[in-house]
Amino acid sequence: MSGDPKLERIAKGNALALCATGTWTASFAPVLERMVADAEKLAGGSQSIFIDVSEVAKLDTFGAWLIERLRRSLTQGAVEAQIAGLSANYSSLVDEVRRVRATPVIDSSTITITGMLEQIGRAVAGIAGTVAGLIDMLGAVLAAGARVLIHPRSLRLTSTVHHLEQVCWRAVPIIVLITFLIGCIIAQQGIFHFRRFGADIFVVDMLGVLVLREIGVLLVAIMVAGRSGSAYTAELGSMKMREEIDALRTMGFDPIEVLVLPRMLALVLALPILAFLGAMAALYGGGLVAWLYGGVDPEAFLLRLRDAISIDHFIVGIVKAPVMAAVIGIVACVEGLAVQGSAESLGQHTTASVVKGIFFVIVMDGVFAIFFASIGM
Amino acid sequence: MAGEIQNPIIRVRDITVQFGATRVLDGLDLDVKRGEILGFVGPSGAGKSVLTRTIIGLVPKVAGSIEVFGVDLDSSNTSQRRNVERRWGVLFQQGALFSSLTVRQNIQFPMREYLRVSQRLMDEITLTKLTMVGLKPEVADRFPSELSGGMIKRVALARALSLDPDLVFLDEPTSGLDPIGAGDFDELVRTLQRTLGLTVFMVTHDLDSLYTACDRIAVLGNGKIIAAGSIADMQASQHPWLRQYFHGKRARAVMG
């Protein structure tokens, strides 16, 4: 029944008549568009213009619109083009299409120098906005914390414990495994290079100081930012998307108190514990390698370790942990609450949460290094 | 072609769907005729959405056969199946618009996949579809999160219609709309069915929709179709749930 669509010119002279035949549907759209574009040029000087569609076998929105487009462009002059031979089935479709107002599409994707400068400006202003947002959240969390101190019963204990399980207890295996391996690697590299100077035993000093002061807490903080920071952002972000946070607010709950504070508390408690476990695992791994690879037996290792490190090294490391946890938590919650309605936005903010979290953790570590150096610890 | 006109557009035979130990659909038969608007009702949790999702192929069935456009969806190969999918459109309950694409991109998404059409024609067709579902052209560059609930349903319908399907599935299209908006939507479905020659499979709870939009009604209960027919048949039925549904307080209010 259906054939390829055709558009033929049937009348000559002053009148222009076009006869459309075949299947005018979406699957023939490229052919149809070309035919219509060719036919649009035929208008010149005709007294009357007819488009005969009585032979069209099948018509859908695409076909109907193309006929309408042809009619409109042929009408440009004083003569109005007419559509003839419309069957009852399709007349309502053509009527529907005729109601469409053709508005030119504005292409907004052009790149201009001012546009680029504007973007740079917005990005710079965005940095200030980020810092302000973090300080804002810190203030809100501290205020909520103070309210909880005054009314201890308003602390969401169940929620805090739940998050503590997620962030701390469930993170133990992976944290211990990775810090153990890092300890092994540090010891192996140390022994390999120190051996040339006959200074194998100093690997214990290096391992002890490095792990307790820096690596233990920094590595754990980075892993927690990737593991728990991203989870916080995704949780809060999808709650924001589904208007759950608005719902909380309308019920008279403060989202900071209900959602953010338990998460922050859990993280601040979890990171020192994880950092301690991580440091122990790294020392154990290092000791194991020193024994099996470097021939430093455990007794000598422990003896040397006792001489090499003092409680200061341990304190320097562990004091940093809660501060880093707070930074990670605040960044994650700010990003989570900044999520807009789309899935893409959720992805962007989760990425930003991890990237910014790790960045701020390293910056904080630098600040602490300067601080401890100046107080002589 | 002649055969295709007489055969039902959807032919469901002996469908059984089970989630764990609960049997949701139990040997269900259903025909949807070409060109009709079938309203599908039943108590909440009876499995209306499950049946829709089973026909579309989102829920696996334990037994039975489904034919859409005369193609058995179990024994069809990938290209046959794609061909069928290209000829139906689905309006999900929550709209299911792609949240990171604008309205325009949402409507053009199926066109880009299935058709080789110039950008100009796609933009013009998008505009046509938006006009058809009663939205202004300005909406085209907004994101789904910037639309109201009613607008989301309309855009989702425009997307379901973007390839000019022969069959559309509407899952509770008027839920969450105000009565005037819902009335407009029923009107719209009717108009589109007339202009585009659509077959409409509509899951609904809305009595007004049943009265104004539907040609035929099928009722689901206990995993089976307990009744199918015109609105008059439904009112005459002695089935207890149907009596309650069509003669309850709200039904009387609708009938005036």
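Biologist: In chain A, what share of contacts between residues at least 6 apart in sequence join residues at least 24 apart?
Modeller: 82% of them. A contact means C-beta atoms, placed from the backbone, within 7 Å. This is a predicted model: local features need pLDDT of at least 70, side-chain atom pairs count only at pLDDT 80 or more, and totals for chains, interfaces and linings use all residues. Residues are numbered from 1 along each chain as its sequence is written, with chains lettered from A and ligands numbered from 1 in the order written.

Biologist: How many helices and strands in chain A?
Modeller: 12 helices and four strands. These are DSSP runs, numbered from the N terminus: helices are H or I, at least four residues, and strands are E, at least two.

Biologist: Is chain A compact or spread out?
Modeller: More spread out than a compact globule, because its radius of gyration is 36 Å, well over the 21 Å that the globule rule gives for 377 residues. The radius is taken over C-alpha atoms, and the rule is 2.2 Å times the number of residues to the power 0.38. The C-alpha trace spans about 110 × 60 × 45 Å along its principal axes.

Biologist: Switching to the interface. How many residues of chain B are in contact with chain A?
Modeller: 24, against 24 residues of chain A.

Biologist: Which helix of chain B gives the largest share of that side?
Modeller: Helix 5, with eight residues.

Biologist: And the sheet in chain B, what strand order?
Modeller: 6-7-8-3-9-10, an open sheet of six strands with mixed pairing. Strands pair if DSSP finds at least two bridges between them. Strands 7 and 8 of chain B run parallel over five bridges. There, B:Leu170 has B:Met202 as its bridge partner.

Conventions. Two residues are in contact if their C-beta atoms, placed from the backbone, lie within 7 Å.
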